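Here's a quick look around a structure that may be new to you. Have a glance at it first, then read on.

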Amino acid sequence: MRRALVLLAALSVAAPAGAESDAEALVRKAFAGATEDEWRTRLAQDETQALCSKYRNAPPPDIAAQILERERATLKLPDDGRLLGDWREGEKLAGIGTGGHIGRIQPDPPDRRKGGNCYACHKLASKEVAAGTIGPSLTGYGRLRGNSPEVVRYTYEKIQNAQAFFPCSHMPRFGYHGWLGPKEIADVAAFLLDPESPVNK
Ligand code: HEC
């Protein structure tokens, strides 16, 4: 598998700018059941992703600043102004690791709920033992940072678009991609910040 990935990486570097690389063509073939729209929205790299690939997620300062500027411009506070929602709903969303399957083999049923899959990368509620370490532990997040307007806003916006703060972050841009809607982001933010949430117990 590792060798295959290295090979794919080499192939994608060899492709001229703008053209579909051999690696991309191979991946596209593997998802023959996906519609063109899904390909465009899910598999074509946007400018930020292309730059992060080009610089192997370590962009030089001027490119990092460019990415930050572009990603910050996508941030949008919710129309109703509610940055904190229902932590119980947020707890569910943080734990849901399904949603978004495309292709022929196991496409999602249309009513499947998409989640944030936060536990894949973060420790959150300490009672949950299956937690990843790709991202920092968020256990005690609200207890440690408090609930100031700045912290609330940062938390909401960070979930909306992680790269607005950290260029080439490995954290998905949940709001930017429309994966989580404004209400869902507020629910997850409450899961991190509410004193009653198991994250802070
Ligand atoms: C694929 C891995 C991955 C997933 C999934 C993920 N994150 Fe992250 N997250 C990271 C990484 C890596 C960082 C550190 C780099 C950064 O700040 O972007 C991070 C940083 C953060 C931070 C900033 C922490 C700080 O100290 O300021 C918050 C808040 C956060 N994540 C919340 C979440 C929430 C909530 C979810 C689920 C909706 C989630 N993350 C899903 C990888 C992930």
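This is a predicted model: local features need pLDDT of at least 70, side-chain atom pairs count only at pLDDT 80 or more; totals for chains, interfaces and linings use all residues.

How are α8 and α9 oriented to each other?

Residues are numbered from 1 along each chain as its sequence is written, and side-chain values use heavy atoms, leaving out hydrogens and water.

Helix α8 covers residues 149–160 and helix α9 residues 182–193; their axes come within 9 Å and cross at roughly 125°. That makes α8 and α9 oblique to each other (angles under 35 degrees are roughly parallel, over 145 roughly antiparallel, 65 to 115 roughly perpendicular, and the rest oblique). The crossing of α8 and α9 is right-handed. On the α8 side, the contact (heavy atoms within 4.5 Å) includes V151, V152 and Y156, and on the α9 side it includes I185, V188 and L192. The contact residues split into 11 nonpolar, 2 polar and no charged.

## One disulfide

There is 1 disulfide, meaning a pair of cysteine sulfur atoms within 2.5 Å. C52 and C168 form it, with their sulfur atoms 2.1 Å apart. Since C52 sits in helix α4 (residues 47–54) and C168 in the loop between α8 and α9, the pair ties together parts 116 residues apart in sequence. The torsion about the S-S bond is about -90°, so this disulfide is left-handed.

## How hidden are the cysteines?

C52 is buried, at 5% relative accessible area, and C168 is buried too, at 4% (buried means under 20%, exposed over 50%, partly exposed in between, with a 1.4 Å probe and protein chains only). C118 is also buried, at 14%, while C121 counts as partly exposed at 22%.

Notes:
Axes are lines fitted to C-alpha atoms, for helices over the stretch in contact, and angles run from 0 to 180 degrees between N-to-C directions. Helices (H or I, at least four residues) and strands (E, at least two) are DSSP runs, numbered from the N terminus. A crossing is left-handed if the near helix is turned anticlockwise from the far one by less than a right angle, and right-handed if clockwise. Ala, Val, Leu, Ile, Met, Phe, Trp, Tyr, Cys and Pro count as nonpolar, Asp, Glu, Lys and Arg as charged, and the others, Gly among them, as polar.
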